[in-house]
Amino acid sequence: MGEVRLENGKRAIGSPKRPPMPLPPRSGGGHRGPAPFSLPHTAQIATLKLATGVHLRNRGLELRWLDEEARMFQLDGAKVVIIGGSAGMGLATARVAMEHGAAMAIAARNPSRLDAAAKDLEMRFGRTVPRRALHVEDRVAVRAFLEAEAPFDHLVLPGSTVNPTLYDDLTDGDARASFDSKFWGPFWAAFDARDLMRRGGSVVFFSGVAAERPVRGYVIGACINGALHAGVRSLALELGKLGLRCNVISPSLVDTPLLDALHALEKEKITAALAARLPVGRIGRAEECAMAAMLLMCNHFMTGQVIGVDGGHLSIP
Ligand SMILES: NC(=O)c1ccc[n+]([C@@H]2O[C@H](COP(=O)([O-])OP(=O)(O)OC[C@H]3O[C@@H](n4cnc5c(N)ncnc54)[C@H](OP(=O)(O)O)[C@@H]3O)[C@@H](O)[C@H]2O)c1
């Protein structure tokens with residue numbers, strides 16, 4: 001940290017490497033307006049540090065906490081392992097976590113897509129990204145991957161497959177395969193990871209709004225999501241004993257490769273119909289789920305929570 005000179009000639013605390021950033025606009029009443037609702041990007045953090053730093057110094061308050069506040073959204077020195085990191089929300093989380101300083105390792109089933117994703121991350125961030133082709137249902141393979149990447153801080157688990165099936169067509173095999181993938185895979189991954197993770201770390205599971213809002217052809221998906229929601233509260237107690245946390249992200253429809261795979265022919269129709277009913281008027285983006293994953297990794301006071309990233313889906317009457 002050093003002192004930098006603002007445009008108005010005043011000095012402020014900031015990184016000497018960065019040019020001074022403009023202060024955020026004021027809202028009515030003379031208070032600073034809320035920061036735009038986006039993940040604190042490094043540049044935004046610098047802006048916040050500068051702006052709030054000047055504000056606090058004027059009030060004669062201690063500045064040291066400010067650095068700690070800014071670092072809350074940093075993953076410098078932390079290692080994140082993502083199963084399902086080659087596409088969709090997992091890849092978006094890998095990007096934003098690396099942008100905020102994390103070391104990364106990713107896994108998924110398709111080796112060529114996995115390799116392409118890892119290379120893209122390496123190109124963007126200039127750091128090696130170990131990868132392993134595996135199925136989350138294969139507990140032995142997952143455990144071996146986790147051991148190879150230990151110790152790590154955060155385990156993010158978006159990788160799973162549930163094939164929607166109409167209730168009348170459901171078979172025992174379909175139902176069990178879905179549970180093996182989206183419930184038991186992440187469940188045992190978290191169980192096996194707990195002695196490989198550093199204290200202060202966390203597990204991020206992924207469920208979906210179908211737990212609370214029925215989707216035709218997705219009874220088993222709803223059961224799995226509900227099981228994850230119920231399970232995370234108990235798991236928070238178990239993992240808490242080890243200094244670890246766990247939370248679930250529950251998305252509504254989000255524009256990822258999953259959507260293309262599930263609704264190839266009717267994607268436009270389905271997304272437009274839901275968008276029209278959602279309070280926000282559109283479906284989600286993978287990056288918005290990545291923001292939630294960042295929050296859950298970085299906020300050490302959050303555990304046992306189900307975080308809806310759903311455009312207000314649960315508010316639809
Ligand atoms: N997108 C939505 O609208 C939506 C809505 C509600 C809930 N969700 C949930 O959110 C999570 C992430 O979804 P997404 O949309 O990001 O999915 P996505 O775009 O299909 O990406 C899934 C990632 O996980 C990997 N993966 C899939 N099945 C796997 C398996 N059995 N073992 C290991 N890796 C596997 C995929 O790569 P490979 O295919 O190469 O393995 C890919 O890297 C999922 O749990 C999903 O059910 C999504």
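In what order do the 7 strands of the open sheet run? In this predicted model, the order is E5-E4-E3-E6-E7-E8-E11.

**View 1. An open sheet is formed by 7 strands with parallel pairing.** Strand E5 (131-133) and strand E11 (305-309) are the edge strands, and each of them pairs on one side only. From one strand to the next, the twist averages 15°. Strand E3 (residues 79-83) is joined to strand E4 (residues 103-108) over 5 bridges, in the parallel sense. Within this pair, Ile83 has Ala107 of E4 as its bridge partner.

**View 2. Helix H5 (residues 139-149) packs on the sheet.** The strands touched by H5 are E3, E4, E5 and strand E6 (152-157). The direction of H5 makes about 165° with that of E3. Helix H6 packs on the sheet as well, touching E3, E6, strand E7 (197-206) and strand E8 (245-251). Between the directions of H6 and E6 the angle is about 175°.

**View 3. A cis peptide bond runs from Ala150 to Pro151.** Its omega is near -5°. Pro151 is found in the loop between H5 and E6.

**View 4. H5 passes H6 in a right-handed crossing.** The two axes come within 10 Å and cross at roughly 40°. H5 and H6 are therefore oblique to each other. On the H5 side, the contact involves Arg139, Val142, Arg143 and Leu146, which meet Trp188, Ala189, Asp192 and Ala193 of H6. Sorted by class, the residues of this contact are 5 nonpolar and 3 charged, with no polar residue.

**View 5. H6 also meets helix H7 (residues 219-240), and their axes come within 10 Å.** The crossing angle is roughly 20°. Because angles under 35 degrees count as roughly parallel, H6 is described as roughly parallel to H7. The crossing is right-handed. From H6, Ala175, Ser178, Phe179, Lys182, Phe183 and Ala190 take part; from H7, the residues are Ile220, Gly221, Ile224, Ala227, Leu228 and Leu235. The contact of H6 with H7 comprises 9 nonpolar, 2 polar and 1 charged residues.

**View 6. The axes of H3 and helix H10 (residues 286-298) cross at roughly 55°.** They come within 8 Å. This angle makes H3 oblique to H10. The crossing of the two helices is right-handed. Gly88, Met89, Ala92, Thr93, Val96 and Ala97 of H3 meet Ala286, Glu287, Cys289, Ala290, Ala293 and Met294 of H10. By class, 9 residues of the contact between H3 and H10 are nonpolar, 2 are polar and 1 is charged.

**View 7. The ligand is surrounded by 30 residues.** The closest are Gly84, Gly88, Arg109, Gly159 and Gly208. Gly88 is also one of the H3 residues that meet H10. Helix H3 (88-99), helix H6 (172-193) and helix H8 (257-262) each supply at least two residues of the shell. By class, the shell around the ligand holds 13 nonpolar, 13 polar and 4 charged residues.

Technical notes
Residues are numbered from 1 along each chain as its sequence is written. This is a predicted model: local features need pLDDT of at least 70, side-chain atom pairs count only at pLDDT 80 or more; totals for chains, interfaces and linings use all residues. A residue is near a molecule or strand if its C-beta atom, placed from the backbone, lies within 6 Å of it. Helices (H or I, at least four residues) and strands (E, at least two) are DSSP runs, numbered from the N terminus. Ala, Val, Leu, Ile, Met, Phe, Trp, Tyr, Cys and Pro count as nonpolar, Asp, Glu, Lys and Arg as charged, and the others, Gly among them, as polar. Two strands pair if DSSP finds at least two bridges between them. Axes are lines fitted to C-alpha atoms, for helices over the stretch in contact, and angles run from 0 to 180 degrees between N-to-C directions. Two residues are in contact if their C-beta atoms, placed from the backbone, lie within 7 Å. Angles under 35 degrees count as roughly parallel, over 145 as roughly antiparallel, 65 to 115 as roughly perpendicular and the rest as oblique. A crossing is left-handed if the near helix is turned anticlockwise from the far one by less than a right angle, and right-handed if clockwise.
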